[in-house]
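Keep the viewer open as you read.

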Amino acid sequence: MDNNIYLDNNATTMTDPKVLEEMIPYFCDKFGNPSSIYKMAHTAHNAIEKSREVLSEFMGAAEPKEIYFTSCGSESANMAIKGVLSANKNKKHIITTKVEHPCVLNLYKELEKEGYITDYITVDDNGELNIDELKEKVNKDTALVSIMAANNETGAIYPYEEAAEIVKSINKDTCFFVDAVQAAGKIKLDVKNTKVDLMGISGHKFHAPKGIGALYIKNGTRINPLIVGGHQEKGLRAGTENVPYIAGLKKAAELAQNALEYENNEVKRLRDKLEQGILSNVKNARLNSRTSKRVPNTTNIGFEYIEGELILLHFDELNICASSGSACTSGSLEPSHVLRAMHTPFTSLHGSIRFSLSRFTKEDEIDFVIENVPKVIKKLAKISPFQKELTALLGE
């Protein structure tokens with residue numbers, strides 16, 4: 001195939017041409033600073049407020065004023081976590097899970113250096129959250145709990161609504177943050193009917209461009225700004241607003257909302273076809289997360305006794321794009337912290353590949369991958385140092 005078969009949509013997505021079309025006028029014809037007083041500025045300001053309304057509906061917020069625009073999911077997480085802790089300095093206990101995205105886990109590690117005491121909730125071998133641990137860990141000194149909505153590596157959906165209820169029933173003053181970056185545009189979000197205080201999303205995960213995100217902050221939540229300066233975003237996020245990208249985020253949210261049924265039916269069908277096609281044709285393949293509670297586009301498959309980086313290199317020769325884990329940790333030789341937390345067998349830990357589809361994925365692309373993955377694995381099996389083990393698995 002001449003074109004790339006892109007199955008790494010959890011790393012980033014292509015910008016939908018309709019999103020780009022929505023953005024273009026705000027670079028040239030409607031380029032005014034939304035804080036100025038003339039008509040051109042009003043046009044820019046109105047575009048932001050319209051986007052706030054759409055994102056409010058997209059995230060299921062009670063009011064548009066609960067939506068704040070950021071540059072990405074990492075900024076949203078830092079703004080939420082640091083902002084809440086800065087406003088509640090007398091409490092030093094925080095909780096998260098062992099499988100969070102690095103933007104949360106690495107921030108928690110930094111907070112530990114500042115004297116915060118952290119508890120990390122575990123997951124079981126199937127990648128599902130051990131929520132009973134949360135009941136044991138929350139106490140009167142707990143300032144913040146952070147639990148993601150869906151895992152970026154396995155697609156596992158976590159019961160953040162139930163977790164927030166548990167936390168608030170034990171300590172109503174504990175803030176609850178949800179990293180919904182991998183859930184937005186794939187499953188329905190509805191924060192107004194939960195005990196969630198803050199939720200972050202990133203546009204480039206659902207066909208908006210890189211460089212734009214949003215943070216939901218429930219009315220009444222005590223939070224200090226991360227970026228200090230002007231009055232923008234009600235004083236919580238200084239800096240002239242990125243109007244073209246905010247307009248693009250609005251359009252991407254509208255398109256994603258309209259495509260939810262397609263995502264949860266057709267994209268899921270293609271994901272399942274890919275998954276079963278590989279598992280039934282590659283004897284040393286294992287599904288790392290077997291839970292049915294997954295976002296519809298994601299599968300994570302381990303190839304026993306085969307090195308993941310070699311698999312990806314051979315995929316690249318076929319113009320197949322996938323990943324061995326989170327894009328934010330792809331430069332590391334360390335095995336996935338998510339799969340380690342799930343006690344994934346060592347035999348497939350280094351050979352695990354994440355495939356993540358989108359609404360732009362085509363059936364013939366899935367057919368091509370199903371046809372060629374067994375060829376790649378067979379080729380690599382011949383040069384693996386684990387010949388004895390592979391012979392037993394493959395029967396060759």
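How many bridges join β2 to strand β8, and do they run parallel or antiparallel? Keep in mind as you look that this is a predicted model. Four bridges link β2 to β8 (residues 213-217), and the two strands run antiparallel.

Now look at the two faces of β2, which spans residues 67-70. I67 and F69 sit on one side, Y68 and T70 on the other, and all of them are buried. Both faces of the strand are therefore covered, given that buried means under 20% relative accessible area.

Next, head to the loop between β3 (93-97) and α4 (102-113), where you'll find E100. If you skip the neighbours within four places in sequence, E100 is in contact with L105, S146, I147, M148 and H337.

The last stop is an open sheet of three strands, ordered β9-β10-β12 and paired antiparallel. Its edge strands are β9 (285-287) and β12, each of which pairs on one side only. From one strand to the next, the twist averages 30°.

Take the pairings in turn. Three bridges hold β9 and β10 together in the antiparallel sense, and L287 stands opposite I301 in β10. Two helices pack on this sheet. Helix α8 (residues 260-281) touches β9, β10 and β12, and its direction makes about 10° with that of β10. Helix α9 (residues 308-317) touches β10 and β12, with its direction at about 45° to that of β12.

On the other pairing, β10 (residues 298-303) and β12 are antiparallel over five bridges. A handy landmark here is T299, whose bridge partner in β12 is F355.

So why call β12 largely enclosed by the rest of the structure? Because five of its five residues, 352-356, are buried. S352, R354 and S356 point one way from the strand, while I353 and F355 point the other way. Burial here goes for both of those groups, even though β12 is an edge strand of the sheet.

Definitions and conventions:
Residues numbered from 1 in each chain as written. Predicted model: local features only at pLDDT ≥ 70, side-chain atom pairs only at ≥ 80, totals over all residues. Heavy atoms only, no water. Buried < 20%, exposed > 50% of the residue type's maximum accessible area, 1.4 Å probe, protein only. Pairing = 2+ DSSP bridges. Contact = heavy atoms within 4.5 Å. Axes fitted to C-alpha atoms, helices over the stretch in contact; angles between N-to-C directions.
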